[in-house]
Each structure stands twice: as structure tokens, then as C-alpha cells.
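This report walks through selected features of one protein model. Have the sequence at hand and find each residue in the structure as you read.

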Amino acid sequence: MTKHYPAALRTTGLLAISLALLAQLPLPATAATTKATAANKADVIALPAYQADLSQTSVSGLSSGAFMAAQFAVAYSGTVVGAGIVAGGPFYCSGAPSIGLYTPFLINATTTCMNPAANNVSPPVSSTLWKITQDIALAGDIDPTSNLARQKVYLFSGTQDNTVTTAVVDQTRAFYQLAGTPDSQIRYVTSVGAGHAIITDSKQDTACPLTEPPYINNCNIDQAKDILTQIYGPLNPPATSLSGKIIAFNQASFIKGFNSALSSMSRTAYAYVPQACNSQGCKVHVAFHGCQQGAETIGNLFYAHTGYNEVADTNKIIVLYPQANASLAPAYNPKGCWDFWGYTSYNQLMPDFYAKSSVQMAAVKGMLDRLAAARGTRLSVKSTARK
């Protein structure tokens, strides 16, 4: 893989700072371990094949999941037709220096890509990131950037979100504009008084302005429906009673490669499959949870209670919920975030988290390919991932 774009983690002092930042992050609570144990006792199967239509694949996510959605949508732009980015920055955000030429990726990820004003740094520069993205595409590490002009994009920044601020999400819109995506294909919502959360219209969820676990807030808005409508156009109303089922499948069988031990991905992931998809071709939407939102931390709250399944059920959409988990070693990812700064790379001087071949993105693409395989195709559940 050609590496001729900005490198990071080149100075011992800044590396120490970046590790100190991660060390301050809280570990998941003990109660979460109980939820994880319960989730792991569910019947786990090999992911079935449904002959899904990958030409209608889309992605979305919150926070680190939003960065992952933006990352996946660019890297696999030949497959992805749309993206929902809730409190997330542009592709390769952590790779553009914020403090100086040799700023570590992790420093950028936790400052310029989150709340730059509070850290006395500038927001990410979309023009710089767009130039780097084009270079990465020319190197063959991601799909051609010309595909981005056809994507439909939903962007969201809550007015009470001080974790990933509007100044960062602004640059996500600017990135897509530079990519040639028409403004008519971009919906950018900045008027809702939400904290750092994915939002719902469910009264049982956290109050809209707050930023606290499980980062699912009631703002009287069905955001999952809004995301999927922006990507696919007018949809049937959400189901009041689900016809299909949530399956727990062996995610570990998709975690491959020499750095699989660094994946920080759970052994089990989830998918919602509408009844119609057992016999008909369906679209696929990938929903990436945020930090501290994996099933090992909050149980089924993200994959069963954020509104995606109800919309998917009546519109022949399979929803894939890949899972990142908290880890301290060998990958240091204490909050269970998706990788948008390089913890999955052995060589953190030159991380490859943004490339199609990176361990997390390749695993998700493998899941998509599996969903698209002919019905009845068998898949071994044997994993090459580190136990």
C-alpha cells in the first residue's frame, strides 16, 4: 500500500500526550459487562446469505460511528449510494495536522475532529482533506472519488453537542461539495437542540439536550427514518409491529488479516432482516454505533431501539449492526470506538484505518458480500480472528 500522505506519531512527546488523552477516557461500567454476557448467550449463527442488492447499500452512524460511516462511504464509494453522518467529520479527518506538521492522528482525532475551539485549534480543512483523499484514491487504497458525486447525504449536528461540534460537521458538508455532490443531494440539519446522541421520537430515551450514556435522545424526531428517506427517497411508513427478526451472527469469522488481533471488534454482531427479505432482494443499510454504544456496553438499545428496524421492515432493507468493543490490549480502545485514528494498525507511524484493506472496513465489506451471496450458500463459522 503506497503511503505518501501526511504521517503521524513521529515525535515521542506528542505520542505521550496522545496516550495520556486516551488514558483519561473512562472504561465501561461493570453493569455493562452483565449486558455483554447476556448478549453473548444468544444463539449465534453464521451470517446467512440473502441475495441482497449491494447496488443499494448505504451507511450511517453516530460519533465514531459517523466517522466510520463517512470513512466507509468514501473508501467503498463504488458500493455505497448514501450516508447518514450524525456528529461526525470528513474522511481522513485525523490525518490533517491541527497543531503542526507532525501532529499525531490521535491528537487530531480528539481535538480538531471533535471540539476544536475548546482545544484552541482550527477545525479540519476540507480542501486539504479532499486533496489527500484524491491522492489516496490514485494510490488504489480506496475507490475512485468520482463516485461521491452520486451519493445522497444526511448530516446532523445538535445545537447542544459540545463533543463533536458544528464546526467539524460543517467541514463534512464542504468535503462533499468539493467532491461534486450537488447541494440538492445533501440534507444538513443544525436546528435541533440535541446533545451528542442519535435521536428518536421515543419518550423512554434520554432528554434531547443531554449528552450522557447511552447517547440515544428523545427529540421527537425519527432520525433513522429521516436518514433512510434522504438516501432512498420516499418510503413506506415504519412498521408498528416487526415482521422480521434480529439475528446474532458470528462477526469474528469476518475479521481477517495479519492485524486481526488489533481489530477491537466483538465476536458477535447483529442484523435485522425483514420477513420479505427471506424471499426477495433487499437493500442493505449499515448502522455504526458510537463510542460506548456497542452491545457489550448497552445491550440491545442501539440495534433494537433506535428506529432503524421499523423503517427497514416496511421498505425491504436489511440493517447490519457491526460491533466494536472496548479493549486495552493489544489495541488500546477503552471506549469501544470505531477506528478513525489508527489503533488497528501495527505501524502507527503509517496507519491504514482509512483504506479498504483495513481490518475493520474489510470485515464490514465481507459481511455485505455475505448478505449478497446466493441464498443457501454455506459459510464456515471458523474464525481467523484472535480469540
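Is Cys113 buried or exposed? Cys113 has 0% relative accessibility, so it counts as buried. Buried means under 20% relative accessible area, exposed means over 50%, and partly exposed lies in between, with a 1.4 Å probe and protein chains only.

The model is predicted: local features need pLDDT of at least 70, side-chain atom pairs count only at pLDDT 80 or more, and totals for chains, interfaces and linings use all residues. Residues are numbered from 1 along each chain as its sequence is written, and side-chain values use heavy atoms, with hydrogens and water left out.

## Disulfides

A disulfide is a pair of cysteine sulfur atoms within 2.5 Å. The whole structure holds four disulfides. When the bonded cysteines of the protein chain are numbered in sequence order, they pair as 1-2, 3-4, 5-6, 7-8.

| Pair | S to S distance |
|---|---|
| Cys93 and Cys113 | 2.1 Å |
| Cys208 and Cys219 | 1.9 Å |
| Cys291 and Cys337 | 2.0 Å |

Helices and strands are named below by letter and number. They are DSSP runs numbered from the N terminus, with helices (H or I) of at least four residues and strands (E) of at least two.

The disulfide of Cys93 and Cys113 is left-handed, because the torsion about its S-S bond is about -120 degrees. Cys93 lies in the loop between strand E3 (80-86) and helix H4 (105-110), and Cys113 in the loop between H4 and helix H5 (126-138), so the pair ties together parts that are 20 residues apart in sequence. Cys93 is buried too, because its relative accessibility is 3%.

For Cys208 and Cys219, the torsion about the S-S bond is about 95 degrees, so this disulfide is right-handed. Cys208 sits in the loop between strand E7 (206-207) and strand E8 (216-218), while Cys219 sits in the loop between E8 and helix H7 (223-232), so the parts tied together are 11 residues apart in sequence. Both cysteines, Cys208 and Cys219, are buried.

The disulfide of Cys291 and Cys337 has a torsion of about 120 degrees about its S-S bond and is therefore right-handed. Cys291 is in the loop between strand E11 (283-288) and helix H8 (295-298), and Cys337 is in the loop between E12 and H11, so the pair links parts that are 46 residues apart in sequence. Cys291 counts as buried because its relative accessibility is 16%. Cys337 is also buried, with a relative accessible area of 6%.

## A serine in a loop

Where is Ser358 placed? Ser358 is in the loop between strand E12 (317-321) and helix H11 (359-372). With a relative accessible area of 2%, Ser358 is buried. Its side chain reaches the backbone oxygen of Phe353 at 3.1 Å. Contact means heavy atoms within 4.5 Å. Apart from neighbours within four places in sequence, Ser358 is in contact with Asp352 and Phe353.

Two strands pair if DSSP finds at least two bridges between them. E10 pairs with strand E9 (residues 245-250) in the antiparallel sense over six bridges. Here Ala248 stands opposite Tyr270. E10 and E12 also run antiparallel, joined by three bridges. On that side, Tyr321 in E12 is the bridge partner of Tyr270.

Three strands form an open sheet in the order E6-E8-E7, with parallel pairing. Strand E6 (198-200) and E7 are the edge strands, and each pairs on one side only. Three bridges join E6 and E8 in the parallel sense. Thr200 has Asn218 in E8 as its bridge partner.

Seven of the 10 residues of H7 are buried, so this helix is largely enclosed by the rest of the structure. Among them are Ile227, Leu228 and Ile231. Just after H7, Gly233 takes a positive phi of about 90 degrees.

Notes
A polar contact is a pair of N or O atoms within 3.5 Å; within protein, one must be able to donate a hydrogen and the other to accept it, and residues adjacent in sequence count only if both atoms are side-chain atoms.
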